[in-house]
There are 2 protein chains.
Amino acid sequence: MTKLGILLSGRGSNFLAIAESIRLGHIDAEIALVVSNREDAPGITAAQALGLPTLVLPSQGRKRQEHDEAVVDALRRAGAEWIVLAGYMRLLSPWFVHQFAGRILNIHPSLLPAFPGLDAQKQAFDYGVQFSGCTVHFVDEHLDHGAIILQKSVPVLPTDDEHTLADRILVLEHIAYSEALALVLSGKYRVEGRRVLPL
Amino acid sequence: MTKLGILLSGRGSNFLAIAESIRLGHIDAEIALVVSNREDAPGITAAQALGLPTLVLPSQGRKRQEHDEAVVDALRRAGAEWIVLAGYMRLLSPWFVHQFAGRILNIHPSLLPAFPGLDAQKQAFDYGVQFSGCTVHFVDEHLDHGAIILQKSVPVLPTDDEHTLADRILVLEHIAYSEALALVLSGKYRVEGRRVLPL
């Protein structure tokens, strides 16, 4: 069974959705380690409550690659084969990306390439788009940039504010991340240029 | 009845869709003038066939504002109140935009702000997005940037190529442009920041 390493910095709601998908048998994988770069991340407490192995490696003040080396070392010891970013608020070094090339996933709360970076839902709301959504993508050296595995879209309603929009996107994130993970772990996809296509 | 000025450079399929919407009574407006900056634009021939007033003002080699002044002069003489860009392959000068502030519309074949500029459908296809679409927006001084009036989205299918995607988007463009035009001409909208909301 494929072993996953989860990286998070906050509540890790996408991690929890994936854990539930695994429990339900929708994803054929197990979570080998949950790593947080913040001691106070509620996602770590939640992982412990689920009986999962956890590790806190504070990143503040540490050099990027130095911190990444400690994280990768822990992930390797745990046997992690695929890496799932679940609200990990730290850019991975190119070195880290290379260690798990093509096997790191991220989710972003917009229809990339629109609104990369922080506060994507507020960016989208303020721009006045009428559709937004979420994007599960492979991680490369650039922020929110790798090949797209799965996108889901939601309409932005006249009655929305940035919070109702973010809530609506989050519901789709929880569905999309598990779907995308199941797809890549099945191996039933091919990549043509930047396009990820089902086999 | 509101008088429209149409600017085009090519076949003007969005212009033809709007002309048909007017004929069907879906838009309460009349086309006062169709201007092309290219002599060989098929849209001009089509406009003549519909019995509409047309004017060709070649832009090649002319300074932007000098050309724009001739266009605006013609539009004013024709009594145009709103300006509809229908594949007009020339950036309007800030001066032009100011002459019809808040009354110039454009359509772009992507979900802006993703993929502004030329070949938007190919850009979207090559990027590997799973949703694209079209955007009707107010024109400001920046390329493909003004407040969004209406967007429609289409899925990008695994079986698509850039041409099938462009064709699918074009069908929606023809619907979206007339809907957006009917909305703004009705006056039943308000603008909050960049958000265009129905009243």
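1. Interface area. Chain B and chain A bury about 2,300 Å² between them, and carbon and sulfur atoms give 56% of this. Buried area here is the accessible area (1.4 Å probe) that two parts lose on being put together, summed over both. In chain B, the residues that lose the most area to chain A are Tyr127(B), Gln130(B) and Arg195(B); together they make up 32% of what that side buries.

2. Basis. This is a predicted model: local features need pLDDT of at least 70, side-chain atom pairs count only at pLDDT 80 or more, and totals for chains, interfaces and linings use all residues. Residues are numbered from 1 along each chain as its sequence is written, chains are lettered from A and ligands numbered from 1 in the order in which they are written, and side-chain values use heavy atoms, with hydrogens and water left out.

3. Contact residues. The contact (heavy atoms within 4.5 Å) takes 29 residues from chain B and 29 residues from chain A.

4. Polar terms across the interface. Which kinds of polar pairing does the rule find between chain B and chain A? A salt bridge needs a side-chain nitrogen of Lys or Arg within 4 Å of a carboxyl oxygen of Asp or Glu. Polar contacts do occur: eight residue pairs, both residues at pLDDT 80 or more. A polar contact is a pair of N or O atoms within 3.5 Å; within protein, one must be able to donate a hydrogen and the other to accept it, and residues adjacent in sequence count only if both atoms are side-chain atoms.

5. Elements involved. Helix 5, strand 7 (148-155) and strand 9 (195-198) of chain B each supply at least two residues of the side that touches chain A. Strand 7 of chain B gives the largest share of that side, six residues. Helices (H or I, at least four residues) and strands (E, at least two) are DSSP runs, numbered from the N terminus.

6. Symmetry. Chain B superposes on chain A by a rotation of 180° with 0.0 Å of shift along its axis, at RMSD 0.0 Å. The two copies are thus related as by a two-fold rotation axis. Ala114(B) comes closest to the rotation axis among the residues of chain B, at 2.6 Å (C-alpha). The same surface serves both copies: 100% of the contact residues of chain B recur in chain A.

7. Salt bridges. Over all chains, the structure holds 14. Arg23(A) pairs with Glu20(A) at 2.9 Å, N to O. These two lie three residues apart in helix 1 (residues 13-23) of chain A, so about one helical turn separates them. Arg23(A) is exposed at 62% relative accessible area, while Glu20(A) is partly exposed at 34%. The classes are buried under 20%, exposed over 50%, partly exposed in between (1.4 Å probe, protein chains only).

8. Two further pairs. Lys122(B) and Asp126(B) have their closest N and O atoms 2.6 Å apart. They sit four residues apart in helix 5 (residues 120-127) of chain B, so about one helical turn separates them. Both Lys122(B), at 33%, and Asp126(B), at 36%, are partly exposed. Arg168(A) bridges to Asp160(A) at 2.4 Å, N to O. Here Arg168(A) is partly exposed at 25%, but Asp160(A) is buried at 7%.

Conventions: Copies are superposed by least squares on the C-alpha atoms of residues with pLDDT of at least 70 in both.
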